[in-house]
Each structure stands twice: as structure tokens, then as C-alpha cells.
Amino acid sequence: MLLFNWLCCVILGFINGFPLLMDPMVLSVLYVWCQLNKDVIVNVWFGMRFKAMYLPFVLFAFNLIISGNGMMELYGILVGHIYVFFKFKYPQEFGGREFLITPKFLESYFPPQRGGVRWFGNAPTQRPGGQPAARNIFGGHNWGRGHVLGQ
């Protein structure tokens, strides 16, 4: 996804003459996340809450109001939409072939595992000293009585 979005941003950058790709790239990744998590409620500035599917457009409108130009956000939304269409919409809803398949050499470096944490080993079953940690009723450590303030 990142390589495809980067390539599209570079092509749009050459065509339209903008030198920085950070804003379109961030918005394209954000757009893909928002389309995959449409019903998640997100909080934005000043306590505004709405569904995630509207977040890229809210950022576009906010930038349009603040700086008077939202073209970078629109390019990012366009690139993200192109990715979502060719990766998910076209193959699943229109029955077309899947154009965007991750190359095998990239899958060997970055396995497509979802969920969980990898490569960090297993959690120790007991403490290194051989005795389990003492816990109080609230789930924290039992540090002892200590010095009571005010006495």
C-alpha cells in the first residue's frame, strides 16, 4: 500500500509541481484506514465527534478554512481512493481481478500477519528471582507500609 500510494503521490507531484509529498501521503494512508474502519467514532479538535469515514474530508475543510488551500489533502484523498478502489472495491463488489497484490519478495521481508505481537519472545511465567510478584487487591504491587504523611 505504501509503495503504491507513494508512487501515485510522486506522479501527481510531477504533474502538478508540488515538491513535498508528506501531506498527500499521510492523507492517503488516513483515507484507507478510514474506509476500512467506517463506523469508528473519532474525536477531533474541540470535542467534535463523527464517524471515521468523514475524517479526511473534515481535515480538508479545516485546512481550507485555516490556510485557504486544501489541494494537498484532496490529492491524498484521491490517491487513497484509488488504492481502496483497486484493492477492495473493484475485486469484491464489481467482480474484477485484483490488480494490487503484494509481491512475494516483500511478503518474505514483511509477513502479512494480523494481530498479536511477533518476535518479542514469550512472557516469563515467573519472576527471575524465582518468586512470584506480590500483588494487592487493586492489581498493583504491594510496596509495603512506607511513611505515612502527616504523622
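Author: A crossing of two helices is left-handed if the near helix is turned anticlockwise from the far one by less than a right angle, and right-handed if clockwise. The model discussed here is predicted.

Reader: Are α3 and α4 roughly parallel or roughly antiparallel to each other?
Author: Two packed helices are described by the angle between their axes and the distance between the axes. The axes of α3 (residues 55–67) and α4 come within 9 Å and cross at roughly 165°. Angles over 145 degrees count as roughly antiparallel. So α3 and α4 are roughly antiparallel.

Reader: Which residues of α4 make the contact with α3?
Author: Start on the α3 side, with Pro56, Phe57, Phe60 and Asn63. By class, the contact of α3 with α4 has five nonpolar, one polar and one charged residues. On the α4 side are Glu73, Leu74 and Ile77.

Reader: How does α1 lie to α4: oblique or roughly antiparallel?
Author: The axes of α1 (residues 2–16) and α4 (residues 71–93) come within 10 Å and cross at roughly 135°. Roughly antiparallel needs an angle over 145 degrees, and roughly perpendicular ends at 115. So α1 lies to α4 at an angle that counts as oblique.

Reader: What is the handedness of the crossing of α1 and α4?
Author: Clockwise turning counts as right-handed. The crossing of α1 and α4 is right-handed.

Reader: How many charged residues are in the contact of α1 with α4?
Author: Phe4, Asn5, Cys8, Cys9, Leu12 and Asn16 in α1 meet Tyr75, Leu78, Val79, Ile82 and Tyr83 in α4. These divide into nine nonpolar and two polar. The charged count is none.

Reader: Is serine 28 buried or exposed?
Author: Serine 28 sits in α2 (residues 22–36). Buried means under 20% relative accessible area. Serine 28 is at 0%, so it counts as buried.

Reader: Which residue has a side chain joined to that of serine 28 by a polar contact?
Author: Beyond its neighbours within four places in sequence, serine 28 is in contact with Asn5, Gly76, Val79 and Gly80. The polar contact spans 3.2 Å between side chains. The partner of serine 28 is asparagine 5.

How values were computed
Residues numbered from 1 in each chain as written. Predicted model: local features only at pLDDT ≥ 70, side-chain atom pairs only at ≥ 80, totals over all residues. Heavy atoms only, no water. Axes fitted to C-alpha atoms, helices over the stretch in contact; angles between N-to-C directions. Helix = DSSP H or I, 4+ residues; strand = E, 2+ residues; numbered from the N terminus. Parallel < 35°, antiparallel > 145°, perpendicular 65-115°, else oblique. Contact = heavy atoms within 4.5 Å. Nonpolar A, V, L, I, M, F, W, Y, C, P; charged D, E, K, R; others polar. Buried < 20%, exposed > 50% of the residue type's maximum accessible area, 1.4 Å probe, protein only. Polar contact = N/O pair within 3.5 Å; in protein donor to acceptor, adjacent residues only side chain to side chain.
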